[in-house]
Amino acid sequence: MAQALTAVEKIATRFAPGRGEGNPVRSGEIVMIRPRHVMTHDNTGAVIPKFREIFRTAGLNAKILDPAQPVFAIDHDIQNHSPENLGKYARIQAFAREHGVDFYPAGTGISHQVMVEQGYVTPGSMVVGSDSHSNLYGALCALGTPVVRTDAAAIWAMGQTWWQVPPVARVQLRGELGPGVTGKDLIVTLCGLFGADEVLNLAVEFTGEGVASLSVEQRMSISNMTTEWGALAGLFPFDESLRAYLLHRAKRLAMGGRPGFRPRGDEPPYAAADVERWWLERDSYAADEDAVYAAELEIDLSTIVPHVSGPNDVKTMHRLPVIEARRVRIDKAWLMSCVNGRLEDIAAAAAVVRGRRIATGVEFYLAAASAEVQQLAVERGDWQVLVDAGAIVLPPGCGTCIGLGAGTIRAGEVGISSTNRNFEGRMGDRKGQVYLGSPAVVAESAIAGYIKSPVVCMDRSPVGMCRPGAGRRDAHGVRQVTSIIEGFPRGLRGRCWFIDRDNINTDAIYAGKHTYNDAMKPAEMARVLFENLDPALAARLEAGDILVGGLNFGTGSSREQAATALKFAGISCVVAASFSETYKRNAFNNGFLAIECPELLEAMRGHAREVTQPAVVAGSLNLDFEASRLIWSTPGRIDHSFGFTPLSVVAQRLIVAGGGEAMTVEWLRNNVNT
């Protein structure tokens, strides 16, 4: 009898070449995937030279294998009108025209919103993006997950890349959300209530009768922020609400006048008939009733009250009645982003501020998720309500969310945002404080001048539970190895820097303000390491050093510089209790070692003394890759020996080759006629 499958396994099987009904993929397997689409945004400018270098090295003319597969949507640094940035955008557009790729210019909207609006995301498909919030596509019953820049170049070149199918958690949603409680409140609650890595590097499937009470736009907010929760995907089922949403989108797409450049014409990507066909086929990519999960979570939606998280930490949550009583003064408020810049969000904020004015001394910034959203909000009157209240309008894009453009936080300021991240220094100065909340809470706080709920709500704790599932949680379990391939080192030794912090994010390692400066040379990148953590640390690092971090090292964005800048600084490897899977993917795809050893962290914390510095030298580490063991040595103490997760053959090959680009070159040489 065939073993039951999760929805993630079913969809992944559909997009794994050579796999099918008789040979489905399973959690833990490393497979090649051929996604329906791969999205890149401003980082297209960095993927293009990778792509060209791959073909140059292979001795071939650069050619995108399937021009219908990539989508370019400019959204991050669109307030930057410098000749350099405008020139980069022009080069991306020219590349799109040269290769026949769909292109959406600055001002169209945030890339994830564009992918949904323009019909690239459909139920049962696999759509990836070179951006950490590609999880959003799960709201449409698609397997949406992030890849990294090297993967994007590989997909352009050969249509596919490697992917490890994650373990899967099931989240049962019971009951309904109360008045004034939103999908943003739900995901913020989940991040805080289950904030101890319960879903780290897992895919999440949302089920239960509570799903039906959530609008598709609310589901987008939830799926989007499963990234901050630590998950690799956040998948909702194909139900009547999604069916109605897709039929509405099909009608809008049929109206014509789509933005951007599409070399295959303006024909709508799908019509109502397609939606009905998908509806009839939905069981083929729905989880089997007896599917086995790595974790089982449950939450009663009726017990959730409005929440905010922070400051400067997504997983530190506060119930609104509690934090409201503290009257936390704010200087700035932001209604924007791919998590909360849609029509429902703008309408909710407008309902709060109608006939009122933004508090004196508060700057309230407003940006729609797309030009279409802004146009509809204008037509409905909600946009003007916010402008009349004193909102400062920004163009539809990312901007302030990543610390670019107008409205960033200054030292000493406090703000509340409807964005998905509030990492230290992400939205501006590292000495500013940022909280996260729903659009209605952000709007009410902007009116009041302090963090405040727009509704009177009970002060109660959410009710939820989590238990281990019967399925495999450790995705490494199927790829244990004991042999070392030719060219891979048997071991390495180096001075140990201990950064005693969990959830060290990519903004702490490599600040967002540098992410889209493609002109930075390796030495310059190394010099700005850890600006938002310890500005003095980069100058103290030496070639051959080893970094040791806590749980979920490298959480946050998919920017590859958080790995490559460490490599350029001469760091031998990073050892951590656990990694964000996207960070680890970036590391190995760029030939940089990331080693998991939770026991080392436990021992180092047991011996740690009180220190005032974020990072300290803590002896040395000696890694034996053949034995999968490391030795921690400190002056005057007995050496400690620990096992670590063995490196798979794929991981070793990536290190030996120098990264994923070299592996793509090999594929091209073997599969493309010169």
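## Pocket and its lining

A pocket is an open set of grid points with protein on both sides within 12 Å along at least five of seven lines, and a lining residue has an atom within 4 Å of a point. The model described here is predicted, and about 860 Å³ of space lies in its largest pocket. Of the 38 residues that line this largest pocket, Gly45, Ala46, Asn517, Asp518 and Ala519 are the closest to its centre.

At least two residues of the lining of the largest pocket come from each of H2, H3, H18 and helix H22 (660-671). By residue class, the lining of the largest pocket divides into 13 nonpolar, 13 polar and 12 charged residues.

## Aromatic pairs

With ring centres required to lie within 6.5 Å, the count of aromatic pairs comes to 15. In one of these pairs, the ring centres of Phe51 and Phe95 are 5.9 Å apart and the planes stand at 90°, which is over the 60 degrees needed, so the pair is edge-to-face. This pair links distant parts of the chain, since Phe51 lies in helix H2 (residues 44-58) and Phe95 in helix H3 (residues 83-99), 44 residues apart. Are these two residues buried or exposed? Phe51 has 0% relative accessibility and therefore counts as buried, and Phe95, with a relative accessible area of 2%, is buried as well. Ring pairs also link Phe51 and Phe95 with Phe55, Phe72 and Trp156 into a cluster.

Another pair is formed by Phe488 and Phe625, whose ring centres are 5.2 Å apart and whose planes meet at 70°, so this pair is edge-to-face. Here too the pair links distant parts of the chain, 137 residues apart: Phe488 is in the loop between strand E19 (464-468) and strand E20 (491-499), while Phe625 is in the loop between strand E24 (615-624) and strand E25 (629-633). Phe488 counts as buried because its relative accessibility is 4%, under the 20% limit for that class, and Phe625 counts as buried at 4% relative accessibility.

## Charges over rings

Two arginines are placed with the charged end over an aromatic ring. The charged end of Arg97 sits over the ring of Phe261, at 4.2 Å from the ring centre, and the charged end of Arg585 sits over the ring of Trp162, at 3.9 Å from the ring centre.

## Backbone exceptions

Most residues other than glycine have a negative phi, and most peptide bonds are trans. Against that background, the peptide bond that joins Gly310 and Pro311 is cis, with omega about 5°, and Pro311 lies in the loop between strand E12 (307-309) and strand E13 (317-319).

Which phi does Asn552 have? Although Asn552 is not a glycine, its phi is positive, at about 55°; this residue is found in the loop between strand E21 (546-549) and helix H18 (561-568), and with a relative accessible area of 1% it is buried. Ser628, likewise not a glycine, has a positive phi of about 55°. Ser628 is found in the loop between E24 and E25, and its relative accessible area of 10% makes it buried, being under 20%. The loop between E24 and E25 is also where Phe625 of the edge-to-face pair with Phe488 is placed.

Technical notes:
Residues are numbered from 1 along each chain as its sequence is written. This is a predicted model: local features need pLDDT of at least 70, side-chain atom pairs count only at pLDDT 80 or more; totals for chains, interfaces and linings use all residues. Side-chain values use heavy atoms; hydrogens and water are left out. Rings of Phe, Tyr and Trp (its six-membered ring) pair if their centres lie within 6.5 Å; planes under 30 degrees apart count as stacked, over 60 as edge-to-face and the rest as tilted. Helices (H or I, at least four residues) and strands (E, at least two) are DSSP runs, numbered from the N terminus. Buried means under 20% relative accessible area, exposed over 50%, partly exposed in between (1.4 Å probe, protein chains only). A charge sits over a ring if NZ of Lys or CZ of Arg is within 6 Å of the ring centre and within 35 degrees of the ring normal. On a 1 Å grid over the protein atoms alone, a cavity is a set of points where a 1.4 Å probe fits but cannot get out, and a pocket is an open set with protein on both sides within 12 Å along at least five of seven lines; lining residues have an atom within 4 Å of a point. Grid points are joined across faces, edges and corners, and a volume is the space filled by probe spheres set on the points. Ala, Val, Leu, Ile, Met, Phe, Trp, Tyr, Cys and Pro count as nonpolar, Asp, Glu, Lys and Arg as charged, and the others, Gly among them, as polar.
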